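My notes are below, in the order in which I looked things up.

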Amino acid sequence: MLREHGVPCHVVPDVRVAMWQKLMGNVTVNSLCAVTGLPVGAILDGDELDGVALALLHDVAAVGAAVGVELEPGLAERVLAGIKSLPGDATPSTLQDRRAGRPLEVDALTGVVVRLADEHGLAVPTVRTLDALLRAVDPGRRRP
């Protein structure tokens, strides 16, 4: 139906895989950009944060696997390559929200990964660290 109405679409065999791949990228890009206050190019143009990005991607993939999503080996590296191909001046929505003083979507990004990791007994230390940092800089956070 979408194609018949001129809407480009891509059919995938398992939408859960596509959703987790998207979550992997969003957790990585949105978290790092929002915490640093920098656009994509400034955080992933060199190699300095590649290890952090890969650790985030592997954490999210481990949680996806724990909830039964069959992610291909090497997906984290492919997602990182995709992130590195984004325009350098790209500003993810979470960074835009932080700059505008709006609440961050922490629960929908890192928060869901931490919650599911806890349910499955997974450590996910890098996602957990970024989750705490995002909550600390969240303009929507209630402070005493």
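**Helix crossing**

I began with α1 and α6, whose axes come within 9 Å and cross at roughly 120°; axes are lines fitted to C-alpha atoms, for helices over the stretch in contact, with angles running from 0 to 180 degrees between N-to-C directions. The helices are DSSP runs (H or I, at least four residues), numbered from the N terminus. I noted that α1 and α6 are therefore oblique to each other, since angles under 35 degrees count as roughly parallel, over 145 as roughly antiparallel, 65 to 115 as roughly perpendicular and the rest as oblique. I recorded their crossing as left-handed, the term for a near helix turned anticlockwise from the far one by less than a right angle. The contact (heavy atoms within 4.5 Å) is made by W20, L23, N26, V27, N30 and S31 of α1 and by A108, L109, T110, V112, V113 and L116 of α6.

**Source of the values**

I kept in mind that this is a predicted model, in which local features need pLDDT of at least 70 and side-chain atom pairs count only at pLDDT 80 or more, while totals for chains, interfaces and linings use all residues. Residues are numbered from 1 along each chain as its sequence is written, and side-chain values use heavy atoms, with hydrogens and water left out.

**Nonpolar core**

I next looked up the largest nonpolar core, which has 32 residues, with M24, V27, V60, V113 and V127 making the most contacts inside it; such a core is a set of buried Ala, Val, Leu, Ile, Met, Phe, Trp, Tyr and Cys residues joined through side-chain atoms within 4.5 Å. Among the helices that each supply at least two residues of this core are α3 (50-66) and α7 (125-137), and α1 gives the most, with seven residues. Beyond four places in sequence, V60 touches W20, L23, M24, V27, V113 and V127.

I found V127 in helix α7, buried with a relative accessible area of 0% (buried means under 20%, with a 1.4 Å probe and protein chains only). Leaving aside neighbours within four places in sequence, V127 is in contact with V27, L56, D59, V60, T110, V113 and V114.

I then turned to T28 in helix α1, which also counts as buried, at 0% relative accessibility. A polar atom of the T28 side chain lies 2.9 Å from the backbone oxygen of M24, and, not counting residues up to four places away in sequence, T28 touches A53, L56, L57 and I83.

How values were computed. Buried means under 20% relative accessible area, exposed over 50%, partly exposed in between (1.4 Å probe, protein chains only). A polar contact is a pair of N or O atoms within 3.5 Å; within protein, one must be able to donate a hydrogen and the other to accept it, and residues adjacent in sequence count only if both atoms are side-chain atoms.
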